[in-house]
Amino acid sequence: MNRESPETLIGRETELVLVGALLDDDPGADRALLVSAEAGLGKTALLNTAAADAAASGARILRAEGVEFEAEVSFAGLNQALIPLIEEFGQLGELHRAALQAALGLAEGPPPDRLVVSNATLALLRQAAEHDPLLLVVDDLPWLDRSSAAVLGFVARRLTGSRVGLLAAARSDAKTFFDGTALPVLRMHPLTPDAASALLRRRYPMLAPGVRKRLLDVARGNPLALLELPAALTGRQREALQSLPTVLPLSGRLRALFEARVEGLTDAARNLLLLAALDGTGELAILQRASDDVELSGLGPAERAGLVQIEEDTHRLTFRHPLVRSAIVEVSTRNERYRAHRLLAGVLDAQPDRRAWHLAESTTGTDETVAGLLEQTARRVLGRGDPNGAVVRLTRAAELSPSAMDHRRRLVEAAYIAANMGSGLEDVARWLGEPTQGELDPLQSLQEATTGVLLLLNHEGHVAAAHRLMTAAIDGCGTTLDAEDDRVLAAVFVLLLICGYSGRADHAEQLYRVLDRLGPAPPEDLDLVARVFLDPVRTAPAILDRFDAALRSLDHEPDPWRIRRLALAAGVLDRLTPYRTALLRVVDQSREAGAVTNFVALLMHICGDDVQTGRWDELDKLLDECLQLCDARGLGLYVPIFQFRKGLLTAARGEEPAVHLANEMMRWAVARGADRIAAYAHHVLALSAIGRGDFETAFYHAAAISPPGTMAPYVHEAPNVCLDLVESAVRTHRHTEAASHVAVLLDLEVDRLSPRIAMLVHASAGLAADSDEVALEQFRQALDVADSARWPFDRARVRLVYGERLRRAHATGEARAELTAALDTFSRLRAEPWVTRATNEIRATGRTVPAGPATDRPVLTAQEHEIAVLAAAGLTNKQIGEQLFLSHRTVSTHLYRIFPKLGVATRGALRDALAEADPSPDPSGQPPPAAPKQQP
C-alpha cells in the first residue's frame, strides 16, 4: 500500500494535529480516536502519516488491517496487531499468556474467554509501552473480524493514563463490530478547494487549466479522485489537445470503489440512472419521457442507497457524487448505452445540438443525416468559443459520412479549426495525410491549403513557399472572392500573417490585390488591420480615426477572432493597453476552452504591451512559460515573437540572454526567409549594444532595420528604433545621418502613429539638433506628449538624454532633476546598464548620489505615493492595478516597500502616515493624485 510521507499530505493539517495528540504527555488526554470518512477521502493516508510521525518521534508502531476474506476468522485482526510483540508474551501472567496464545493460534488449548483475552491484550500493550510510547493503527474496521473488534473496543476505552494510543479508521457509511460509541470520532471532510487544487498541481503539474478545473469540479475534494481521474485520461486529454468525454472514465481503483455502490441496484434503477448519466441535465421530465416511467418509481433503490437525490422543488435529479455518474456508465454494456442514447435523442427535438450528439452516439455505421446534423452542431459549438468541441463533432461526423468526399471535407474543416485555434497539430498532420478520393471544390481546397500552410509555418517551412501555396489556393477561387465566406477570410488572414513575417514589398502588394478582390467589399476590420500591420508609417495616419473607432468596440466584442485580428495591429500602434480587459477576457475563455493557439496568439500581444508599458515584474517568467508552451504544442510560428519580447526585456536589463535570443531569432529568420524576425533580432542587438555603451555596434543593427534617412516600407519595427539609430549615429559622430533620419521622421509625420512614437521622434530631433535651444525644446515636447508616462522605460531614456544635454548646456539643477527621475525609473525596472549611465551622469553634475529629501520625513516615489493614496482610500490591489495599468502582484510588491518606509503595518494606518510623507518630486510637474472618492 502506498504511504504518503508527512510532508506530502496536503490539506489535512488539522487532522494530523488531532491524531498526533494521542501520544501527548498529558495523562488525562484521550488515547483512542476513530477516524470516519467517505470512501476516497484519505483515511489510510492519514493513518500512514500519523504512524510515520509517531515513529519519527520514537514511538513503537503496531498495525492491523481488516481484510474481507478474514472477516469470519476469529481474532485474525488481533493476530496482525500483536504478533510483533510475541517475544514479550513471556512477561505476562500464565492466564493471560495462555489465553493470548490460544486466541492467536500460537498454542493448543480450549477456546479462551473473550474477557480474559481483552485483559491480556491491554496488559501486553501497556507492558510494551513502558519504555517508549506505542501507537496501534487499525485500518478498514468494517472488515475486522467480530472477535478482534470486540477486544480492541474493550482496550480502546481503557487506555487513559497509559502510553498507548489507538487510531482506527472506518468508512462513514459502513457498519462495524467495533463499538466506538464512547470514543472520540474524527470525521474527515473533502479537501477545501485550495487544498484540492494544490494536490492536483503537485501530482499533475502539466494539466491544462480547463482540464484541471473540470477535474476539480468532478472530484469535489475527494483526494483519491483527484489522484486517479487524470490517470484515466490520455496525455492529449490532459493537455487539452483532445476534448474530455462528457462522462469521465474511471481508473481501476475508482471503478472498484464506485461500481461497488451500484452493483446491488435493480435493472429498472440502473436503466434510469444510465439515462440520467448520459443526459447530464438532471431534468426529471426528460427521464420520464425517455423511460415511459411517469412516476420514476425505479429510482427508489438508488435514492435509498444514497446514490442520487431528487430535488422536489426543481424537479431535478442530482448524483450524490459526480463519480457515481461515471460508475453507472462504466458498468453498462455497449448495447445499453446505444439504447439509452437513442431514447434520449427521441425526446430532444427542441434541443438540436444535444439530439445530434445522442444520435451520433447511438449510430453504429454510417449515416449522412446524422453526420449533417452533427456538422451543423459543430459550427454552433465553435461560435460559442469551444474549438475542441467543434473538432470532436466534426471528426465524428466524418466517421459517420457514407461519402468519401464528405469524410474528407469534414476532416479538413476539423484540421483547420485544430490548427488555427486548438493546436492539435499532430492530429492535423494525420488528418491531412489520409488517403483521399475525388476532388474538393475550390473553397474546400482553400481551407485545406490554409490548414497545410499553418502546419508548414509552425514547423520548418519557408515563408516564401507558404506564400506561394496560399496565393495559388486563393487564385483557384476565381477573380471575385466572397467576403462573407469564413474560409476566404481565414485564408486572407493567414496570407496577412505570412506577409508580416516575410517583410517583402511584393508579398504585401499581392495581399492588397487580394483584398481588392473581396466582394462586394473587404471587411472593414480586415482591411484596416492589413494596412496598419504591414506598413504603419505610410498607411496608418490616413486611417487612424477609423482604426481607433474599431478598437473602441472591443470592450463588448463577443467574437474572439475579431479581437485577435485587431490586436495584431493595435500592438503596432501602442493601442493595446486600453483594451487589455477585452484581451484578457478572451485569453481566459480560450484557456478554459482549450483553444491553445488563440490563447498563445493573444498572450503574444499582451506580453508585447507589457514590455512597452513597464510591467516587467512577472513578465520574464510568463515569457518562459509561453516559450515552453509553444515548444510543447509545436507552435513554432510564435517562438521568435516571444523570444523578441524576452530579448527586449533582457537587453534593457543588461542580461546575458539578450544576445543569445537575438542570435536564435536570426537563425530562425534566415532559415525561413522571415525578414520581419531578422528586424526584431537587430532591434534586440541594438538595444543591448546601447546598454553596453557600444554605439558603433548599435548603429550597425539599427541601420540594418531601416538605413539612415529612410523609413523602410513594410518594416513596422522601423519607427521603434528611431531613437536607437539617431542616438548611436550622434555618439559615433555621424551627425549627417542622424539629421537625415530625423528629417524623414518629420516628413512622413511618423509622430502621428502613437504618443510613444511621438515621444521618440521628438527625442531623436533633440539629439540631432545643433543648438541647445532647439534640442531642449524638442526634449520638452517629447516629455509633454500626452500619456507618455504609460511607457516608463522609453520616457526614462528621453529624460536621460535630456538631462545629458542640460548638463552640457550648464543647466545643472534641471539636469539633476531629469537624471534623478530617469534613475528612479531605471532602478524600479532593474535596467542596470541604464542605472549605471544615469548614476554616472548625476555624478558629472557634482553630486555623488541622487538628490535626497530636505527633511527626515519618509520619501516615496511618485508611483509609490499614487499607490499608497489609492490603498488608503480603500481600493483593493486589483482595483489599483486596473487604474494604474499594473498587475495586482506589482501593486502588492510596491505596498510591501511602502509600509516600512511609512512605518505602518496596515492599510488603515496609511492615511495618517501619508500626511507626514513627502512624495518624490515628479519631474513632469504633475501633483500626486488625490484620493478618489469612495463609491456608496
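Predicted model: local features only at pLDDT ≥ 70, side-chain atom pairs only at ≥ 80, totals over all residues.

**Exercise 1. The whole chain**

Find how many helices and strands the protein chain has, and what share of its residues count as buried.

Solution. Start with the secondary structure: the protein chain holds 46 helices and 11 strands. Next, turn to burial: 55% of the 936 residues count as buried. For the overall extent, the C-alpha trace spans about 115 × 80 × 55 Å along its principal axes. Finally, look at contacts with a separation of 6 or more: 68% of them join residues 24 or more positions apart.

**Exercise 2. The order of a sheet**

Work out in which order the five strands of the open sheet lie, and which strands are at its edges.

Solution. Reading across the open sheet gives β2-β3-β4-β1-β5, with parallel pairing. The edge strands are β2 and β5 (185–187), since each pairs on one side only. Neighbouring strands of this sheet are turned by 20° against each other on average, with direction ignored. As a reminder, strands of a sheet pair through backbone hydrogen bonds, either parallel or antiparallel.

Strand β1 (residues 32–37) pairs with β5 in the parallel sense over three bridges, and Ser36 has Arg187 in β5 as its bridge partner. Helix α2 (residues 43–56) packs on the sheet and touches β1, β2, β3, β4 and β5. The direction of α2 makes about 165° with that of β3.

**Exercise 3. Strand β3 and its neighbours**

Follow β3: which strands pair with it, and are its residues buried or exposed?

Solution. Take one neighbour at a time. Strand β2 (residues 60–65) pairs with β3 in the parallel sense over six bridges; here Ala64 has Val138 as its bridge partner in β3. With β4, β3 pairs in the parallel sense over five bridges, and the partner of Val138 in β4 is Ala168.

Then check burial. All six of the six residues in β3 (residues 134–139) are buried. Leu134, Leu136 and Val138 point one way, while Leu135, Val137 and Asp139 point the other way.

**Exercise 4. Helix α11 and its cover**

Identify which residues of α11 are buried and what covers them.

Solution. In helix α11 (residues 252–259), the buried residues are Leu254, Leu257, Phe258 and Glu259. Their cover includes β4 (164–171), α9 (223–228) and α15 (322–331).

**Exercise 5. One glutamine**

Is Gln444 buried or exposed, and which residues does it touch?

Solution. Locate Gln444 in helix α22 (residues 442–458). Its relative accessible area is 15%. Buried means under 20%, so Gln444 is buried. Leaving out residues up to four places away in sequence, Gln444 touches Arg409, Val412 and Arg487.

Notes:
Residues numbered from 1 in each chain as written. Heavy atoms only, no water. Buried < 20%, exposed > 50% of the residue type's maximum accessible area, 1.4 Å probe, protein only. Helix = DSSP H or I, 4+ residues; strand = E, 2+ residues; numbered from the N terminus. Contact = heavy atoms within 4.5 Å. Pairing = 2+ DSSP bridges. Axes fitted to C-alpha atoms, helices over the stretch in contact; angles between N-to-C directions.
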